[in-house]
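Subject: The structure I promised you

Hi,

Here is the structure I said I would pass on. Have a look at it first, then read my notes below.

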2 protein chains.
Amino acid sequence: MSTSTIRSVAKYAGVSTATVSRALATPEAVRPGTREKVLAAVAALNFVPNAQAVQFRRQATRTVILLVRDISNPFYLDIYKGVEETAFAAGYRVLMGDARSDAARIEHYVEMVRRRQADGLILMTGWLPPSLAMAPALPPIIVALEFIPQADLPTVMIDNEAAARLAVDHLIRLGHRRIVHLTGPLPEPMSAGRHQGYLAALAAAGIAPDPDLTVYGDFHVASGRAGVVNLLARRVSFTALFASSDAMAIGAINELRAHGRRVPEDVSVVGFDDTVFAEVSDPPLTTIRQHRREIGGKAMELMIGILSGRKPKPAGICVEVDLVLRGTTIPPAHVHQRHAISSGGT
Amino acid sequence: MSTSTIRSVAKYAGVSTATVSRALATPEAVRPGTREKVLAAVAALNFVPNAQAVQFRRQATRTVILLVRDISNPFYLDIYKGVEETAFAAGYRVLMGDARSDAARIEHYVEMVRRRQADGLILMTGWLPPSLAMAPALPPIIVALEFIPQADLPTVMIDNEAAARLAVDHLIRLGHRRIVHLTGPLPEPMSAGRHQGYLAALAAAGIAPDPDLTVYGDFHVASGRAGVVNLLARRVSFTALFASSDAMAIGAINELRAHGRRVPEDVSVVGFDDTVFAEVSDPPLTTIRQHRREIGGKAMELMIGILSGRKPKPAGICVEVDLVLRGTTIPPAHVHQRHAISSGGT
DNA sequence: CTGTTAGCGCCTTCAT
DNA sequence: ATGAAGGCGCTAACAG
């Protein structure tokens, strides 16, 4: 660990500390000969500027915190990459924090920004503790993926309703009529939007919604399994299933198989997110792709805009989604209607 | 955002800045009446200490960087949790960085520590750029999971050889003799250790190793698929497969199925890591569980030891692993030997 | 182009 | 128990 300071370098090179600082930060503002002397001294003393002193002096850390709902979810990894790439290019660093749906932790991270441990916060938690949401002067915060109704914060998100319609329209075009929706946690806006899209797609096709076909989940694998168990126990008939996350889709597929239902021959399945789960699914999962790198990048761009003093657009940015067609969706076979009714339960 | 300083609080409370500082840091060193006045002023002015100033003054950030090989790998998430929990409890923060197997990025993060942006570095990259590995005075670095032969750094790891033996012994006890090893990237110590364990298990059972049964992978799903394609194209006969990562195991299972081989009826499979992949596998994957939270926690403990001045044990810590029995391993059926030979290729 | 100087906000001796 | 004062390392006016 080097312990030399700008002062020792200055002395060694026979110049002032200001010249050393300039030679390093704005080399063109220093005569070449002087610059060389300074650089030689820097090398000789193995000088490394103390970032804390620099940040303190500049009153900025050039660090932002990315706070996610649950870091165990691989979904966030690409978001991080998008944020990090944009940040890196602009000379910022990213600190990823795990909120664990815990108010105290969220407050802790907001507090870090208050204390100037970081310049801003990118929030992907879906909510803010009430004490903060109504605080008069919040530090720089960008909301990504989620929507926080109570607070008026710059937001990057997808159109969840339109995305869900894309998925369900696809199933309807294939000829499916009895389509299950495995929802995310309600009444959060993200999950609610997707359910609206499901209902809208049915309505547009003149299909009456059947409450039996809506099953509540929480995005996790286990709730996909549980959803299918529930459907089969109730002997609900269906030929397709739209899950609001890839993880639930995988859970559902595994459970369907365990009960002798083939995917896609007996049941078509569409997921949501296009995470690594879709890749390891067998057959590969048809799903809605969220461009996570882009979402992360855009969020960081908004943040940089705020931090550099430019006003952010109060209206949120909306990122497109794609329907990715893979192996889990085919037209329904009529025999399976009967099959679905007769072989319910375990 | 509060903009008040300790000075404004002092003025408001009618005391000196030193008293404010003490009232906040060591309340018992201040008379109760004075303390109340200060606290009232703090509340009135919405004062929040500037962390940059504090860190600068203290010459410590209480932040450590966790640098991983590839953040896209869900494997690291639980490690992060383990590190973060231990760090949080000790008043430290964790910055997770993504090395992307890129020397420049690794250097960048080491440089951050040099610049005192962080107090230390927990390295899970498997290697250090040569320029650093032989540097005279490295900043506080802990190596986790991996082993860096060139540098003498405190290390937390598992016994890869013993872990692999656990997996292969299990297959041998079930009666398997023709066991494939799908390796990690060689010649990295982690992958080499697992291959040694595979060979040692065979040797202990008196089974002659067959070079045809060793297939080279890189831990990713795709290399699991490719490995199976390779084996089938060469018409190698085998009844079991040990993959050095769960991801490769999943890739291998999917590819085996695509070629009409059932798992576990035709081929038993054991993975390594016990990640989320093992959970979504169908049937659930028999695998070697690494206690990732514990590994992360221990690494952070070592780091705290170094940073608080206590000498770390030069000898590394070794964390146990478990064999988790699930649904992908059963005894071999003799008919499958013939089957494996006759139906090779696509 | 280069040097001098004044802090950034806080903590911590050293007095009192 | 409290106050005064110095300084952590660096950058950015301002002079020269």
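Predicted model: local features only at pLDDT ≥ 70, side-chain atom pairs only at ≥ 80, totals over all residues.

Is E3(B) mostly covered or mostly open? Covered: five of the five residues in this strand (120–124) are buried. In a regular strand, side chains alternate between the two faces of the sheet. You can follow that here, with Gly120(B), Ile122(B) and Met124(B) pointing one way from E3(B), and Leu121(B) and Leu123(B) pointing the other way.

**The whole sheet, seen in chain A**

Now switch to chain A. Its open sheet has six strands in the order E2-E1-E3-E4-E5-E11, with parallel pairing. Which strands stand at the edges? They are strand E2 (93–98) and strand E11 (317–318) of chain A; each has a single partner strand, so one side of each is left without a neighbour in the sheet. The partner of E11(A) is strand E5 (residues 155–157) of chain A, and two bridges join this parallel pair. Look for Met157(A), whose bridge partner in E11(A) is Cys318(A). Helix H6 (residues 103–114) of chain A packs on the sheet and touches strand E1 (63–68), E2 and strand E3 (120–124) of that chain. The direction of H6(A) makes about 170° with that of E1(A).

**How the two chains meet**

Next, zoom out to chains A and B together. 35 residues of chain B are in contact with 35 residues of chain A. On the chain B side, the elements giving two or more residues are helix H4 (51–58), helix H5 (75–89), strand E2 (93–98), helix H11 (246–258) and helix H12 (276–280). H4(B) gives the most, with five residues. By class, this side of chain B has 18 nonpolar, eight polar and nine charged residues.

How can chain B be laid on chain A? A turn of 180° and a shift of 0.2 Å along the axis do it, with an RMSD of 0.4 Å. That is the relation of a two-fold axis. Within chain B, the C-alpha nearest the axis belongs to Leu95(B), 2.4 Å from it. The same surface serves both copies, since 100% of the contact residues of chain B recur in chain A.

**The DNA strands**

Finally, the DNA. 24 residues surround DNA strand C, and the closest are Ala18(A), Thr34(A), Thr5(B), Ile6(B) and Ala18(B). Helix H2 (17–25) and helix H4 (51–58) of chain A, together with H2 and H4 of chain B, each supply at least two residues there. H2(B) has the largest share, five residues.

DNA strand D has 24 residues around it, of which Ile6(A), Ala18(A), Ser21(A), Ala18(B) and Thr34(B) come nearest. H2 and H4 of both chains each supply at least two residues here, and H4(A) gives the most, with five. The surface near DNA strand D divides into 12 nonpolar, eight polar and four charged residues.

Happy exploring!

Key:
Residues numbered from 1 in each chain as written. Chains lettered and ligands numbered in written order. Contact = placed C-beta atoms within 7 Å. Helix = DSSP H or I, 4+ residues; strand = E, 2+ residues; numbered from the N terminus. Nonpolar A, V, L, I, M, F, W, Y, C, P; charged D, E, K, R; others polar. Buried ≥ 20, exposed ≤ 12 C-beta atoms within 10 Å, placed from the backbone. Near = placed C-beta within 6 Å. Least-squares fit on C-alpha atoms with pLDDT ≥ 70 in both. Pairing = 2+ DSSP bridges. Axes fitted to C-alpha atoms, helices over the stretch in contact; angles between N-to-C directions.
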